[in-house]
Amino acid sequence: MAELVFFTGTMDSGKSTLALQMDYNHRAGGRRGLLFTSRDRSGEAVISSRLGLRTPAIEVAAATSFWDEVVRRRTHAAEVDYLICDEAQFYTAAQVEELARVVDELEVDVYAFGIGTDFRARLFEGSRRLVELADRIETLQVPTLCWCGRRATHNARTVDGRLVLTGEQVVVADIAGRGPAPADGADQGTVGYETLCRRHYMAGRTASDANLLGEAEQLLPFGD
Ligand SMILES: Nc1ncnc2c1ncn2[C@@H]1O[C@H](COP(=O)(O)OP(=O)(O)O)[C@@H](O)[C@H]1O
Ligand SMILES: Cc1cn([C@H]2C[C@H](O)[C@@H](COP(=O)(O)O)O2)c(=O)[nH]c1=O
């Protein structure tokens, strides 16, 4: 029986790596699949892992129909056994519903990968629908860590290292300090992301706040 599985974790938790490993193993087992992504950080239609792997993928746009993509290939006698769907947080609820239909009516396995929540700790539309519809939800095994050493559970957006809570929901960028700053953040400071534990996310304390405080404490005029 085909299934819809949602693999989720914070940014940088290994989702794209796992997506490419799943594809590799299924392909090696003689199955045929299609790879999809949406707004990959590289700016290209690829699934890219920070471990250096990258594989071309079909870019998911607002008009993309997963049903049509599978049916068109099957009409031309091409088998499709599974779909790998990266950056699934960016898919619409209707697209996720279509993925569920592809599983149930076409018997195609769908493996979806994405972050759950945005920089305001609100579920993305695609992730919400996946949580609601998936047969299984798997949390990535290797935890990312907050600067304090606790497991990171939240994706904070930073501008010049400071946590921000205003802005567009979608701003494609990397963990702060990795990769080029996105063009739309160029004139307002450098936009990046940082994974934090809930305690430090709620307190709005990023690694650079902690460093600044550390430096400030070292400069305190003890003895005065
Ligand atoms: N140089 C490295 N050596 C070992 N592991 C690395 C290295 N660079 C990245 N990684 C691993 O890759 C993970 C990020 O993988 P990636 O698939 O890009 O994440 P995601 O898609 O969830 O954002 C990191 O959490 C880390 O475990
Ligand atoms: C939290 C958050 C993230 N994004 C973007 C930033 C990255 O381009 C992707 C996540 O990529 P990853 O492979 O999981 O590292 O999502 C965003 O647009 N808005 C947000 O709030």
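How many nonpolar, polar and charged residues does the shell around ligand 1 have by class? The shell has 3 nonpolar, 7 polar and 3 charged residues; here Ala, Val, Leu, Ile, Met, Phe, Trp, Tyr, Cys and Pro count as nonpolar, Asp, Glu, Lys and Arg as charged, and the others, Gly among them, as polar. In total 13 residues surround ligand 1, and the closest are Lys15, Ser16, Thr17, Ser49 and Arg50. A residue belongs to such a shell if its C-beta atom, placed from the backbone, lies within 6 Å of the molecule.

The model is predicted: local features need pLDDT of at least 70 and side-chain atom pairs count only at pLDDT 80 or more, while totals for chains, interfaces and linings use all residues. Residues are numbered from 1 along each chain as its sequence is written, and chains are lettered from A and ligands numbered from 1 in the order in which they are written.

Ligand 2 is surrounded by 16 residues, of which Met11, Asp118, Phe119, Asn155 and Val172 are the closest. By class, this shell has 8 nonpolar, 3 polar and 5 charged residues. Helix α1 and strand β9 (154-159) each supply at least two residues of the shell around ligand 2. Helices (H or I, at least four residues) and strands (E, at least two) are DSSP runs, numbered from the N terminus.

An open sheet of 6 strands has the order β5-β2-β6-β7-β1-β8, and its pairing is parallel. Two strands pair if DSSP finds at least two bridges between them. At the edges are β5 (58-59) and β8 (136-139), each of which pairs on one side only. Within this sheet, β1 (residues 4-8) and β7 (residues 109-114) are joined by 5 bridges in the parallel sense, and Thr8 has Gly114 in β7 as its bridge partner. Helix α4 (residues 125-133) packs on the sheet and touches β1, β7 and β8, its direction making about 130 degrees with that of β1. Angles run from 0 to 180 degrees between N-to-C directions, and axes are lines fitted to C-alpha atoms, for helices over the stretch in contact.

The largest nonpolar core has 33 residues, among which Leu83, Cys85, Leu99, Val110 and Ala112 touch the most other members. Such a core is a set of buried Ala, Val, Leu, Ile, Met, Phe, Trp, Tyr and Cys residues joined through C-beta atoms within 7 Å; a residue is buried if 20 or more other C-beta atoms lie within 10 Å of its own. A second, separate core of 11 residues includes Ala152, Leu163, Ala173 and Val191.

Helices α2 (66-75) and α3 (93-106) pack at an angle of about 35 degrees, with their axes 8 Å apart. Phe66, Trp67 and Val70 in α2 meet Gln95, Glu98, Leu99, Arg101, Val102 and Leu106 in α3, where contact requires C-beta atoms, placed from the backbone, within 7 Å. By class, the contact of α2 with α3 has 6 nonpolar, 1 polar and 2 charged residues.

Another open sheet is formed by 3 strands in the order β10-β9-β11, with antiparallel pairing. Because β10 (162-164) and β11 stand at the edges with a single partner strand each, one side of each is left without a neighbour in the sheet. Between β9 and β11 there are 6 bridges; Thr158 stands opposite Gly192 and Arg157 opposite Tyr193. Strand β11 (residues 191-196) is largely enclosed by the rest of the structure, because 6 of its 6 residues are buried.

How values were computed. Two residues are in contact if their C-beta atoms, placed from the backbone, lie within 7 Å. A residue is buried if 20 or more other C-beta atoms lie within 10 Å of its own, exposed if 12 or fewer, and partly exposed in between; C-beta atoms are placed from the backbone.
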